[in-house]
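Please look over the sequence and the structure before reading on.

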Amino acid sequence: MSVRLRFALLYSGAFLVSGLLVLAVAFLTASSVQRVGAAGQAVVRHPFAYAFGPPADVTASVAALTVLSVGFGWLLASRLLRPVRVITAAAQDISASNLGRRLRLGGRDDEFSRLGRTLNDLFARLEASFQAQRHFVASASHELRTPLTAERTLLQVALADPDADAATLREACEQVLALGQRTERLIDGLLTLATGERGIDRREPCDLARLAARAVQPLGGAAAGRGVRLETRLEAAPAAGDPRLLESLIANLADNALRYNQPGGWAEVVTGTRAGQAVVSVRNTGPAVPPQEVSRLFLPFQRLGAGRAGGHGLGLAIVRAIADAHGAAVTAAARDRGGLDVTVTFPPAPGPPGRDGRGARSR
C-alpha cells in the first residue's frame, strides 16, 4: 500500500472509532430516556439523545459515519502529503543536465522544509561532483591527447623528410618512446587514482617505515639529478591497509617533494607515531605556495604554473584518494620560505605492524 493509503486508513480508523464512541453514547442515552418516559415519569431530553437519529437507524448511521470517515481521512492524508508530492516531482525533474535548480522552500521551519534543505544540499554536492567529473575527463583527455599528437607529428615529419637517414629516424623513435613513457606514467597514475577512490576490501597490518624505505629507495638517482638532498627519518609506524596503495601514497609524496623543489634544496620523509596513530610526514623546500592554493593542489590535474616540473598534477590527488580509502587525515601547509609540509595521520592499527616491529633509520 502507498503511504497515502496507509495514512488515509489510519485517519479513517481514528475518525470512525471516535464517531462510533459518540454514536454509542448517544444510543445509550436515547435508550435511557425512552425507558424513563415509558415509566410515566418526566422525559428529560439529553443533548446527545438523537444526535445520529433514532435507535432504529443505527445501521444507517454507522454506514454514513464510515463513508464520512474514509472520505475525510483520504482528504486529510492528501493534504498532509501534498508537500511530499511537490518535493518528489521537483526532485524527479532535476537531472544531471540541470543540477543547478533547487527546491523552492517556504518560510516555515517544519519537517518538510528541513527535508527540502537537505535535498538542496545534496543537489549542491552532486552538482559539484558532476562538475569535478567533467573537469577531470576534459583534463585527462587533454593530457592524453598532447603526447599522442606530439608522437604523430614526430613520425609524420620523419616520414616526410626525403633526406632522413638512420640517425634521424633513430632520434625520432627515441623521442616517440619518451612520449610513450610519459603517457604510460599518466595512465598508471589514473589507474592508481581510480583504485584509491574505489576503496579497499581487505586491510593488512603493515609498518609505514618499511613501506617508506621501499618507496624512497628508487628516488635517490632522481634526487641527485635535481641537486636535491633526500633525507629520511623512519621510525616504526604500525598501520592497517593495502600495503601496495600505502607505498604508492608515500612514493607520490616523495616524488612530489623532489619534483617541485629547487637545486640545493632538500626533501625529508618522516614516519612515526603520535598519540598511538601512525603518521607519515613529507617536507621540502621549493617555490613559494600561496596558502589559499594549497587545497587546490589535491585536485586532479591541478598545478601551480602550467606544465611546471613536467608532472601531470596527479600526485597529491592520488595521495588524497588513498588516504580517504584508509580513513586517514591529510593536512598540508605552505612553508614560509617555500615548499610544503604534508602530513598523513592514520587511524590506530588493530594489530602489530610486522614481525619485529622495529623501524629503520637512514639518511
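## Terms and source

A polar contact is a pair of N or O atoms within 3.5 Å; within protein, one atom must be able to donate a hydrogen and the other to accept it, and residues adjacent in sequence count only if both atoms are side-chain atoms. The model is predicted: local features need pLDDT of at least 70 and side-chain atom pairs count only at pLDDT 80 or more, while totals for chains, interfaces and linings use all residues. Residues are numbered from 1 along each chain as its sequence is written, and side-chain values use heavy atoms, with hydrogens and water left out.

## Thr285

The backbone nitrogen of Trp266 is 3.0 Å from a polar atom of the Thr285 side chain. The side chain of Thr285 also makes a polar contact of 2.7 Å with the side chain of Asn261. Thr285 sits in the loop between β5 (277–284) and α8 (315–325). Here helices (H or I, at least four residues) and strands (E, at least two) are DSSP runs, numbered from the N terminus.

Thr285 counts as buried because its relative accessibility is 13%; buried means under 20% relative accessible area, exposed over 50%, and partly exposed in between (1.4 Å probe, protein chains only). Neighbours within four places in sequence aside, Thr285 is in contact with Tyr260, Asn261, Gln262, Gly265, Trp266, Gly338 and Gly339, where contact means heavy atoms within 4.5 Å. Pro263 is 22 residues from Thr285 in sequence, and their C-alpha atoms are 9.6 Å apart.

## Helix α4

Helix α4 covers residues 166–198, which is 33 residues. Its expected span is 1.5 Å times one less than its number of residues. Gly199 follows α4 and has a positive phi, near 95 degrees.

Among the buried residues of α4 are Leu179, Thr183, Leu186, Leu190 and Leu193. An α-helix has 3.6 residues a turn, so residues three or four places apart point the same way.

How many of the 11 residues of α8 are buried? Nine are, so the rest of the structure largely encloses α8. The buried residues include Gly315, Leu316, Ala317 and Val319. The cover over them includes α4, α7, β6 (329–334) and β7 (340–345). After α8 comes Gly327, with a positive phi near 70 degrees.

The axes of α4 and α8 come within 7 Å and cross at roughly 25 degrees. Axes are lines fitted to C-alpha atoms, for helices over the stretch in contact, and angles run from 0 to 180 degrees between N-to-C directions. The two helices α4 and α8 are therefore roughly parallel; angles under 35 degrees count as roughly parallel, over 145 as roughly antiparallel, 65 to 115 as roughly perpendicular and the rest as oblique. Gly189, Thr192, Leu193, Gly196 and Glu197 of α4 meet Ala317, Ile318, Ala321, Ile322 and Ala325 of α8.

## Helix α7

Ser248 belongs to helix α7 (residues 243–259) and is buried, with a relative accessible area of 18%.

The contact is made by Leu208, Leu211, Ala212, Arg214 and Ala215 of α5 and Pro243, Leu246, Glu247, Ile250 and Ala251 of α7.
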